[in-house]
Amino acid sequence: MSPIRQQDDEEFTRSPSHFTDRITADGSSPWPVEPGRYRLVVSRACPWASRGLIVRRLLGLEDAISVGIVDPIQDERSWRFTLDPGDRDPVLGIRFLSEAYEKAEPGYDGGVSVPAIVDVPSGRLVTNDYQRITLDLSTEWTAHHRPGAPDLYPERLRDEIDAVNAEVFRDVNNGVYMAGFSRDQEGYEGHVRRLFERLDALSERLATRRYLVGDTITEADIRLFVTLVRFDAVYHGHFKCNRSKLTELPVLWAYARDLFQTPGFGDTVDFDHIKRHYYYVHHEINPTRIVAVGPDPRGWLTPHGREELGGRPFGDGTPPGPVPAAERVPGLS
């Protein structure tokens, strides 16, 4: 999650990424593309981090970039590696992600967010620029993509992808937070209205096409999916985005199920982590910290019928192989 800034009388504001170095293939940055050198640290609860998990898997970068999974519940010292033996990341040797931030900028006292890419030899954070990380995985790491990896950010479609992403970020990805953290009725209702106006527009766009841009999966689909997959589990109730459930929006529900059942999407989703994080960490919204028991996740595996619209999920490429044993998510399979 990217840090949140909010005073009692202020509207929700998402803090910009503080560390924006890039890992490049052409030597234009201090951080060269080098397989085995970097570790992607994520929370499976976080939609911004989930983008990185999906892209890494679709492109087959598991052997080139290792992954560390943090506990879905932070404490005052930031994201914790309490899912690992000894409560330490087995590669970085740290207990808290904030330690990598401190190595990058001694005395740093800002927000600690995921996704984060850490330089393993030095233990320093390289970037927490969630808007750029997945684009660079697609464009800078091409020499290490798996055979048959899809082109998730095709050059000829980038302007359209960027335009769709900007609307989805403003009204959907960030829009659910704007609604959930609203401080007054008028502001809340305005954010919910804009959210569902965008969802209705996306439904119309996707009624006759399988994917958002072109006829294959792109970065745009990944960015929308990570919000849709969390919608009924947390945003509908916890953030009061309750004009409709996702399951009541036929086009988007079918579209989201289509992606969920595509290798690389649903096999990275952990509904337990998602619900425990939102319901527990946002104590100002849910002071009891009671975690909702529903909805039943088995609906994600029901037929969607989107194949009738055509499209080629991976273009001229192929699906990714099985999930590495160490990265399998308990639950749906």
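Here is what to select, stop by stop.

This is a predicted model, where local features need pLDDT of at least 70, side-chain atom pairs count only at pLDDT 80 or more, and totals for chains, interfaces and linings use all residues. Residues are numbered from 1 along each chain as its sequence is written, and side-chain values use heavy atoms, with hydrogens and water left out.

Select residues 128–281, which an unreviewed UniProt entry lists as "domain: GST C-terminal". UniProt positions are given in the numbering used here, feature names are shortened, and annotations may be inferred rather than shown by experiment. The span is 60% helix and 0% strand, with its end C-alpha atoms 20 Å apart. Helices (H or I, at least four residues) and strands (E, at least two) are DSSP runs, numbered from the N terminus.

**Stop two: helix 6.** Now pick residues 185–206. At the N-terminal end, look for the Asp184 cap: a side-chain oxygen sits 3.2 Å from the backbone nitrogen of Glu186. Next, colour the buried residues (under 20% relative accessible area, 1.4 Å probe, protein chains only; exposed is over 50%, partly exposed in between). Among them are Tyr188, His191, Phe196 and Arg198. The buried residues of helix 6 pack against helix 4 (158–173), helix 5 (175–180), helix 7 (219–235) and helix 8 (250–260).

**Stop three: Arg44.** Jump to the loop between strand 5 (38–42) and helix 1 (47–59), where you'll find Arg44. Arg44 counts as buried because its relative accessibility is 8%. Its side chain reaches the backbone oxygen of Glu327 at 3.1 Å. Show contacts (heavy atoms within 4.5 Å): leaving out residues up to four places away in sequence, Arg44 touches residues including Arg230, Asp270, His273 and Glu327. Phe271 is 227 residues from Arg44 along the chain, yet their C-alpha atoms are separated by 8.6 Å.

**Stop four: two cysteines.** How many disulfides (cysteine sulfur atoms within 2.5 Å) turn up? The count is zero. Cys46 is in none, and the nearest cysteine sulfur, that of Cys241, is 17 Å away. Cys46 is buried, at 0% relative accessibility, and Cys241 is also buried at 0%.

**Last stop: Arg80.** Select the loop between strand 6 (66–69) and helix 2 (98–104) to find Arg80. A polar atom of the Arg80 side chain lies 3.0 Å from the backbone oxygen of Ile73.

Key: Expected span 1.5 Å × (residues − 1). Polar contact = N/O pair within 3.5 Å; in protein donor to acceptor, adjacent residues only side chain to side chain. Disulfide = S-S within 2.5 Å.
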